[in-house]
Amino acid sequence: MTKKERAAEAVKILKNKYPDPRCSLPYKEPYRLLISVRLAAQCTDARVNIVCVDLFQKYPTLESFANADLAELEEMVKPCGYFRQKAKNIRDCCRMLIEKHGGVVPDTMEELLKLPGVGRKTANLVLGDVYNMPGAVVADTHCIRITNKLGLVTSKEPAKVEAQLRPLLPPEESNDFCHRLVYFGRDVCIARRPQCAACELAHLCPSRESV
């Protein structure tokens, strides 16, 4: 079985297991997704979602984030770690959205990467989730770990994983496949204690016996 065939089978199986994949960081407006993803760096999605309840109550608009007192914003996001850099990125990002994009989150990789605190993972998530663009590959920790186990990629660097996965995945399935890997990584292929006996992808996984 080639890598592309293995990837196609994994897409099919996970699509059946998780028919309605959603981003684990819920959002009402695109700019809020940018903020949530920035907070999620080195922090769990569950904690970010808790913090964002109060955060978006205090700062209900893009303009309120752009005009936020930095010390107050730092205090709000402190539970997510690296709070000084995250708070500065969030405020600067919101200011740039207003000043250069009319308050609209860009729909191109090039423009998204110019925003403070936005890397390829975030940009791909926005392009796939917000703009429904095919070919978006969100190389987060679950994606990197599981696709390495499946032998689909040979790197742990997000940009390289993204580049190696893109030709293997149907463009219209790639974004949802990455969301499904998050679910699968939490339910079955759990870091440090994968449930290989219950794994629907075990027959595709070269790493199964060595786990």
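First, some housekeeping. The model is predicted, so local features need pLDDT of at least 70 and side-chain atom pairs count only at pLDDT 80 or more, while totals for chains, interfaces and linings use all residues. Residues are numbered from 1 along each chain as its sequence is written, and side-chain values use heavy atoms, with hydrogens and water left out.

Let's start with the overall build. The protein has 11 helices and 0 strands, where helices (H or I, at least four residues) and strands (E, at least two) are DSSP runs numbered from the N terminus. Its C-alpha atoms fill a box of roughly 55 × 30 × 30 Å along the principal axes.

Of the 211 residues, 49% count as buried. Buried means under 20% relative accessible area, exposed over 50%, and partly exposed in between, with a 1.4 Å probe and protein chains only. As for contacts (heavy atoms within 4.5 Å), residues 24 or more positions apart account for 58% of those with a separation of 6 or more.

Helix α1 covers residues 3-17 and reaches 21 Å from its first C-alpha to its last, close to the expected 21 Å. That expected span is 1.5 Å times one less than the number of residues. Arg 6, Ala 7, Ala 10, Val 11, Ile 13 and Leu 14 are the buried residues in α1, and what covers them includes α11, residues 174-187.

Helix α2 is mostly covered, with 9 of its 10 residues buried. They run from Tyr 31, Arg 32, Leu 33, Leu 34 and Ile 35 on to Ser 36, Val 37, Arg 38 and Leu 39. These buried residues pack against α3, α4, α5, α6 and α8.

On a 1 Å grid over the protein atoms alone, a cavity is a set of points where a 1.4 Å probe fits but cannot get out; a pocket is an open set with protein on both sides within 12 Å along at least five of seven lines; and lining residues have an atom within 4 Å of a point. Grid points are joined across faces, edges and corners, and a volume is the space filled by probe spheres set on the points.

The largest pocket has a volume of about 700 Å³. Of its 29 lining residues, Ala 40, Asp 45, Lys 121, Asp 140 and Thr 141 are the closest to the centre. Which elements give two or more residues to this lining? They are α2, α8, α9 and α11, and α11 has the largest share, with 5 residues. By class, the lining has 14 nonpolar, 9 polar and 6 charged residues. In that scheme Ala, Val, Leu, Ile, Met, Phe, Trp, Tyr, Cys and Pro are nonpolar, Asp, Glu, Lys and Arg are charged, and the others, Gly among them, are polar.

The second largest pocket has a volume of about 150 Å³. Its lining includes Pro 26, Tyr 27, Arg 32, Ser 36 and Phe 56. Here α2 and α3 each give two or more residues, and α3 gives the most, with 4.

There are also 2 cavities of 30 Å³ or more. The largest has a volume of about 130 Å³, and of its 15 lining residues, Lys 149, Cys 189, Cys 196, Cys 199 and Cys 205 lie nearest the centre. That lining divides into 12 nonpolar, 1 polar and 2 charged residues. The second largest cavity holds about 70 Å³ of space. Among its lining residues are Leu 34, Ile 35 and Arg 38, and α2 and α6 are the elements that give two or more.

One last stop is Glu 200, in the segment after α11. Is Glu 200 buried or partly exposed? Glu 200 is partly exposed, with a relative accessible area of 31%. Leaving aside neighbours within four places in sequence, Glu 200 is in contact with Ile 13, Lys 17, Phe 184 and Val 188.
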